[in-house]
Number of protein chains: 2
Amino acid sequence: MNETYQKLQKYLDKESALEVALALLGWDAETLAPKQAVDHTSKAVGILAGEAYQTIINDEVKDLLSKLSLPEEQKTLTDVEQKIVKQLKKQYDDMEQIPIEEFQAYQELTAKAPSVWARAKEQKDFASFAPLLEEVFAYNIRFGKYRSKEGQQPYDVLLKDYEECFDAASLDQFFEEVKATIVPLLKKVSAKKDFIQDDFLYQCYDVKKQDEFCRFLAEYIGFDFERGVLAESAHPFTNSLHNKDVRITNHYYEKNLASAIFSVIHEGGHALYELGVADELTMTPVGGGTSMGMHESQSRMYENMIGRSKEFWLPVYSKLQDTYPEQLNTVTLDTFIRAINKAQSGLIRTESDELCYCLHVIIRYEIEKDLFAGKITVNELPTVWNQKYQEYLGVTPADDAEGVLQDIHWSCGNVGYFPSYALGNAIAAQMYAQMKKELPVDELLKEGNLKAIREYLNEHVHKFGKMKNTNEILMDMTGQPLNAKYYTEYLVEKYTSLYEL
Amino acid sequence: MNETYQKLQKYLDKESALEVALALLGWDAETLAPKQAVDHTSKAVGILAGEAYQTIINDEVKDLLSKLSLPEEQKTLTDVEQKIVKQLKKQYDDMEQIPIEEFQAYQELTAKAPSVWARAKEQKDFASFAPLLEEVFAYNIRFGKYRSKEGQQPYDVLLKDYEECFDAASLDQFFEEVKATIVPLLKKVSAKKDFIQDDFLYQCYDVKKQDEFCRFLAEYIGFDFERGVLAESAHPFTNSLHNKDVRITNHYYEKNLASAIFSVIHEGGHALYELGVADELTMTPVGGGTSMGMHESQSRMYENMIGRSKEFWLPVYSKLQDTYPEQLNTVTLDTFIRAINKAQSGLIRTESDELCYCLHVIIRYEIEKDLFAGKITVNELPTVWNQKYQEYLGVTPADDAEGVLQDIHWSCGNVGYFPSYALGNAIAAQMYAQMKKELPVDELLKEGNLKAIREYLNEHVHKFGKMKNTNEILMDMTGQPLNAKYYTEYLVEKYTSLYEL
C-alpha cells in the first residue's frame, strides 16, 4: 500500500467508525430511545458529528490529499483509493470556499431550525418560521456563490450536491417533458375519479398482522434479517451502519392497509441497495449509494414498478387474503391491483400516488429556482405554493401545515434535494425497461423469483457504491444517459390501460 | 470556571460522547443487531474505544491534570471538578507504571481470550483455554506488582480496582465471618431439602405474558420508561447511556417463572441507581455508580430483600395469579413466598439462591488469592475448583463447563472482580437494616409505596454517583463501615424461620 495513503487510512477508519456510531444513534433516536433521553444524547451526537467532521477536515488530511492527488502518486493507488482521494479532495476544495465563521453559523442555524419548523407546522403558522427559512436560503445562495466555478449558477452548485449529473438546465428540460405528459394525463384520470373503488383498503386491519405480513414481504424481496433489522418509527426510513447491518422502519395505520405494505417495499428497495454494496467499499467514503436520485430509483422501482404490478402479487395475494380473510376474501386480485394503483390529486407529497408524485417535486423545484433567481421572496411562499398546487394538481391547501410547511427538508438546509426524488422515478423506469429486455421480469415475478431481479440490480447498480455516478451507471447499463421518455411512456401506458382512457 | 479546567472539559466532553456511543453499541449488539453485523461493527467499536482511551490518556491531558492537582488550582475548583481531577490523576499514575508494550499486548490478549474461553466451555475442554488463562493471570500479577505502592500486595491492587475500600486482609475477615455462618446454615437447610415445594414455578408460563408482567414490575419498583428501555437478550444486564437513558434486558424461560421476575427486579435495582445519579454528575467521569459492590448492593437489595419479601408481594401477587390463573390460582401467597426463597446447593453461580451465592464467590476469591501467592497453578484449577465445590457446597461438577469454565470474567481480564458480588449482599443487608430504622419499610411495601424507598436510597446512595466511595456512603448512612453481621444475621433469621430450623 502507498505509504501516504496508509497515513490517510487511519483518518478514514476513524471517520467510518464514528459514522457507524452516528448511524446507530440516529436510528435508535427514532425507534427505541426513551423520550427524555434526547437532550443528553443530542449533546453526545453533536460532539461526535463534530469529531467526524474534524477527522477529515484538518491540515494533515489536507496535505495528504494534496500529495495523493499528484499524478505520480495516483499511479500507485487502486481504483477505489483514487476515487476516495478524488471525492475527499473535492469536498475540501468546496469547503475552503466557505468562510469558517459562516459555516459554523449555518450549522447552528440548521441545528435549531427543524424544531422551529415543527412548532410552526403544528401551529399552522408560516410567519413564525419565515425568518429562519429566509436565513437558510440566504446562506445557501451565498454558499452556492462562494463555491461556484466560472459562470456556474449558485443553484446548480447545490443541485449537484445531491445529484452531480444534473443542473437546472437539464432538470428544466426533464421536468418540462414530465409535466407535458403528467398534467394532461392527470386531468383525464381525475375526470374518472370514481372509476376505481378502493374503500376496502381503508377498513380495519390489525396492525400486528400488518407487521407480520410486512416482515414476510421484506424477506420476500430479499431483505436479509441476518444483515438487517425492521422496527417501527413515526415515519418509515432506511439507515445503514454498513453492508452487514442495514435497518428499515415502518409505520402501521389500522385503517390503511396499503401504507405499510408499500413503505416496507420502498424502504426494502433502499436497503437492498445498501446491503448490496461490495465488501471492499463498505465502511469507506465510497461505501453507500451513489446519489439520492439513484437511491430513490431503487426504492421506487421496488415500490411501484415491481410492488404494484399484478405479476408481483400473483404468488403473494392469497397470503394477504389469508391474513385478512374477513376484509379481503371477496376482493379479487384484479380489484386489489386496481385499488393500489389508483391515482388522485392530493396535497401531501409523501402520501402521493405514482402519477402525481413528480408534480409535487416540480413545485418545490420551481420555487427553489425562483428564490435563487430573486424572482420571489420567502414571505411570498405560501401564496406561490398554493397557486402552483391549484395549477398543477387542482387542489388548494386549507392551511400552511398541509401546504408550504409540510416538508422538513428546507429547515435542515436541504436545498436542491427535492429533484432527486423525481429523477429516481425516471431512472427507475429507464432501468426497468432495460431489465425487461435482458430478463423475463414478469415471469420471474409470477414465479416469486425475486432473487434474479435483485442479483441483476446488484450487478448493474448496488455493488458499485459510489464508484460510478448516476450517468455512468445508466450508460453502462442502458447505453444512454437519463432519458425521460421511459418514464413518461411508462406512466401513459399504465394509466391509459388502468383507467381505460 | 478555572481556565485550565475549561481546557480539560473539552476532553471530558469528547470522552463522554464516545462513552454514550459505546454504551449504545454494546447494548444494541446484545439485543437487536443482526447476526452478521458483528465483524464490521466490532471494528468500529474497537476504534472508538481506542479513541475514548486516547482522549484522556495523552500528553496534554496529563499536563492539565498535573496543573490542576496543585493546591492553588484545587482551591478554585468545585467539589465535582476536584473529584474528577483526582480520579483521572490516579488513573494516569496507575497507567504510567505499566510499560506501554505490555499494556497493548494484554489488550490484545483479553480481546481474543473470551472467544477461546467460549469455545473451551462449549467443548468442556479446560486444557484448550489454560495457556491463555495462564497469560491473563501472569499479566495481572505483573501489573499488580508494577502498580503496587510500598509493601502493597499485587492482588490488593487489583481488588481495589473494583472496590477501593477493601483489600485481601479485610476481605479475608469478611469472608471468614460469612463462611462461618453460611456453611453450617446451608448444611441444616440441605438436610431438609424437600421441605419446600416449588414445582409449580416450573410449569409452562407463556413468555409474552412474562414480559408484560415484568414490565409491570419494572414500573412498579420505579423504573421510568420515559428514561429507560427494557429489551430481551441472552443474559439480563443493565447499561446506561446517561441518567435519562438507562436500559435493562431480561430473558424469558417458558418453564421457569421466577427467573425473569427476579432478573427484572435485579436489573431494575441497578437501573434505579444509574437513573438516580444527579444531573450535574451524569456524563462526567464521576457519573456512574461508585463501585461494583455498591451497584450489586442496590440490585440485590431490590431482588432479594425487597423482591422476595411477603410484604412486597402482598399488593402484587393477585396480579400474577390473574396473569396465570391456571398455574397459580391454587397456590397461596405463603406457598409462593416459600418457593421463591427456597435454598439449594448448586453448581452455577448465576443460578444460585441467596444463601449459597457468597460461597460461589468465596471459592473464586480463594482461587485468585492462591494463584497470586503462587500456591496453586492454572493447570490445577479444575481439581482445586471441584474440591472447593464439594467442601463448601457439597456438589461436584460433571465437567469443566459447569465447573471452572462457567464464568466469562477471567477471560476478559476481570481478576479481583468477584468479591464485589459478595460485598454487594453485605452492603445491602446493612443498608436495609438502617432503612428499616428510619422508614416503615414493611408498611410501605404492603401499601405498594415503592417511591418512598426509592427516594430514600436516592438520597443516601444514588444521587452521589462516584462522589463518595463505598465506605463514605456506608458511614454517612449507617454510622459505620461495612459490618458483616447485618448480612449474617439477616441470613440466619430468614432461613431459620423459613425452614423452621
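Start by selecting B:Lys244: this residue is buried, with a relative accessible area of 18%. Keep in mind as you click around that you are looking at a predicted model.

**Stop 1: a partner for the lysine**

Is B:Asp279 buried or exposed? With a relative accessible area of 51%, B:Asp279 is exposed.

**Stop 2**

B:Asp94 lies in helix H5 (residues 79–96) and B:Arg147 in helix H7 (residues 130–147), so the pair ties together parts that are 53 residues apart in sequence. Colour the two by accessibility if your viewer can do that: B:Asp94 counts as buried at 13%, and B:Arg147 is buried too, at 11%.

**Stop 3**

Next, pick B:Asp334 and B:Lys310, whose side chains meet in a salt bridge at 3.0 Å, N to O. This pair links helix H16 (residues 333–340) with helix H13 (residues 310–313) of chain B, across 24 residues of sequence. B:Asp334 counts as partly exposed at 41% relative accessibility, and B:Lys310 is partly exposed at 34%. How many salt bridges does a search of the whole structure find? Over all chains, there are 67.

**Stop 4: where the chains meet**

Zoom out and show both chains. The contact takes 37 residues from chain B and 37 from chain A. Between them the chains bury about 3100 Å², with 67% of that on carbon and sulfur atoms. Which three residues supply more of the area that chain B buries than any other three? Select B:Gln36, B:His40 and B:Glu226: together they supply 20% of it.

One to select is B:Asp13 with A:Lys43, where the closest N and O atoms are 3.7 Å apart. The two chains also share 12 residue pairs in polar contact.

Now highlight helix H1 (3–31), helix H2 (38–56), strand S1 (228–232) and strand S3 (245–250) of chain B, each of which supplies at least two residues to the side touching chain A. H1 of chain B gives the most, with 10 residues. That side of chain B divides into 17 nonpolar, 7 polar and 13 charged residues.

**Stop 5: the symmetry**

A rotation of 180 degrees, with 0.1 Å of shift along its axis, superposes chain B on chain A with an RMSD of 0.1 Å. That is the relation of a two-fold axis. To find the axis, select B:Ala21: its C-alpha is the nearest to the axis in chain B, 3.0 Å away. The same surface serves both copies, as 100% of the contact residues of chain B recur in chain A.

**Stop 6**

Finish in chain A. Select A:Met283, a residue other than glycine with a positive phi near 65 degrees. A:Met283 lies in the loop between helix H11 (257–276) and helix H12 (292–306) and is buried, at 16% relative accessible area. Then move to A:Glu500, in the segment after helix H23 (485–498). A:Glu500 also has a positive phi, about 45 degrees, although it is not a glycine, but this residue is exposed, at 54%.

Definitions and conventions: Residues numbered from 1 in each chain as written. Chains lettered and ligands numbered in written order. Predicted model: local features only at pLDDT ≥ 70, side-chain atom pairs only at ≥ 80, totals over all residues. Heavy atoms only, no water. Least-squares fit on C-alpha atoms with pLDDT ≥ 70 in both. Contact = heavy atoms within 4.5 Å. Helix = DSSP H or I, 4+ residues; strand = E, 2+ residues; numbered from the N terminus. Buried < 20%, exposed > 50% of the residue type's maximum accessible area, 1.4 Å probe, protein only. Buried area = accessible area lost by both parts, 1.4 Å probe. Salt bridge = Lys/Arg side-chain N within 4 Å of Asp/Glu carboxyl O. Polar contact = N/O pair within 3.5 Å; in protein donor to acceptor, adjacent residues only side chain to side chain. Nonpolar A, V, L, I, M, F, W, Y, C, P; charged D, E, K, R; others polar.
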